[in-house]
Amino acid sequence: MVNQVQETQADSGSGEATANPAKQAQGQLVIIGGAEDKDGDCKILREFVRLSGGLDAKIVVMTVATELPREVGDNYIRVFERLGVKDVRIADTADRDDARSSTILESIDKATGVFFTGGDQARITDTLKGTEIHKALLKRYRDGITVGGTSAGASMMSATMIVEGDSETHPRLEIVETDEGMSFLPEVVIDQHFSQRGRIGRLLAAVARKPHLLGLGIDENTAVVVSNHQLEVIGEASCTIVDLKGSSHSNIDTLLRDENLALCDVKLHVLPDGYKFDLATRSPIL
């Protein structure tokens, strides 16, 4: 059942889903590659709080991805309260019945920031995709709130979501499984723990299937902040952007699942802290 930390609020904001919410979005996304600092300066979570309204922020922590919602939720409550946020709530949706909860819908309607923890991204989509909570989140994002997510909470941000796959290997179709994500940022596919787990091969394989998408590989304790179709990298490592739209050759149409993928003239951008990228023009902002 649903576990709420604080009191309920009024007026649900369920709204309607849209095929491409990013076209109308007024809010920001904070997409974290996992293992973000929670004990030191907390640069990334500090930025999430700032974008969510600073000391006046009202944050809802979505623990749907994790099998330990109480422990994980309490940890984020501790961090956000240490940064000065007084209104932090846990929304634990254990199954799709919880995804109709009026209590959670009311909290989302009043939130200035919603944060998805790590865990298993398939749990997020299996539980929430297409539900009243999903519609409410898309509506509130279009209205202007900040939506953040780490690890699994990062992967689910795109319309095409990496579910699982092999690390530290060369690209083949068999090494990555994809499914539909939550569509906050439809024009990309996202991978996390990127450099630390050697996931360039599986990101290339994922993008090769849909070369109109940009691939974002986000390192640990690193995030991209997305606003108005531009992203900025923050954190200690990098974001790797893979662009196959202008590639000159791919053998994907002739491959069997276990055969090696050939890709020619692939664009690759590696952007550290402070660098920006325009998603509309598919080019770095220098």
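Predicted model: local features only at pLDDT ≥ 70, side-chain atom pairs only at ≥ 80, totals over all residues.
Helix H7, which spans residues 200-209, is mostly covered, with eight of its ten residues buried. The buried residues of this helix are Gly 201, Arg 202, Leu 203, Leu 204, Ala 205, Ala 206, Val 207 and Ala 208. Their cover includes a series of strands, namely S6 (160-165), S7 (176-180), S8 (188-192), S9 (214-218), S12 (238-243) and S14 (263-264). Helix H7 lies across S8, S9, S12 and S15, and runs at about 160° to S9.

Strands S8, S9, S12 and S15 form an open sheet of four strands, arranged in the order S8-S9-S12-S15 and with mixed pairing.

A helix-to-helix contact is formed by H1 (residues 43-51) and H2 (residues 69-82), which pack at an angle of about 70° with their axes 10 Å apart. The two helices, H1 and H2, are therefore roughly perpendicular to each other, as the range that counts as such runs from 65 to 115 degrees. The contact is made by Leu 45, Phe 48 and Val 49 on the side of H1, and by Tyr 76, Val 79 and Phe 80 on the side of H2. By residue class, this contact of H1 with H2 comprises six nonpolar residues, no polar residues and no charged residues.

Strand S3 (residues 87-91) holds Val 88. Five of the five residues of S3 are buried, so the strand is largely enclosed by the rest of the structure. In a regular strand the side chains alternate between the two faces of the sheet. In S3, Asp 87, Arg 89 and Ala 91 point one way while Val 88 and Ile 90 point the other way, and all of them are buried. For Val 88 the relative accessibility is 1%, and this residue therefore counts as buried, the cut-off being under 20%. Val 88 and Asp 191 are separated by 103 residues in sequence, and their C-alpha atoms are 28 Å apart in space. Strand S3 is joined to S2 by five bridges, and the two strands run parallel; Asp 87 in S3 is the bridge partner of Lys 58.

Strands S2 (58-62) and S3, together with helix H5 (132-143), are included in what covers the buried residues of helix H3. The buried residues in H3 (residues 102-110) are Ile 104, Leu 105, Glu 106, Ser 107, Ile 108 and Asp 109. At the start of H3, a side-chain oxygen of Ser 101 comes to within 3.2 Å of the backbone nitrogen of Thr 103.

Strand S1 (residues 28-32) contains Gln 28, a residue that is buried, with a relative accessible area of 17%. The side chain of Gln 28 is joined to that of Thr 146 by a polar contact of 2.9 Å. When neighbours within four places in sequence are left aside, Gln 28 is in contact with Leu 51, Tyr 141, Gly 144, Ile 145, Thr 146, Val 147, Val 226 and Ser 227.

Most residues other than glycine have a negative phi. For Ser 151, by contrast, phi is near 55°, a positive value in a residue other than glycine. Ser 151 is placed in the loop between strand S5 (146-150) and helix H6 (152-155), and with a relative accessibility of 14% this serine counts as buried. A positive phi, near 50°, is also found for Asn 221, which is likewise a residue other than glycine. Asn 221 lies in the loop that runs between S9 and strand S10 (222-227), and at 16% relative accessibility this asparagine counts as buried.

Key:
Residues numbered from 1 in each chain as written. Heavy atoms only, no water. Buried < 20%, exposed > 50% of the residue type's maximum accessible area, 1.4 Å probe, protein only. Contact = heavy atoms within 4.5 Å. Pairing = 2+ DSSP bridges. Axes fitted to C-alpha atoms, helices over the stretch in contact; angles between N-to-C directions. Parallel < 35°, antiparallel > 145°, perpendicular 65-115°, else oblique. Nonpolar A, V, L, I, M, F, W, Y, C, P; charged D, E, K, R; others polar. Polar contact = N/O pair within 3.5 Å; in protein donor to acceptor, adjacent residues only side chain to side chain.
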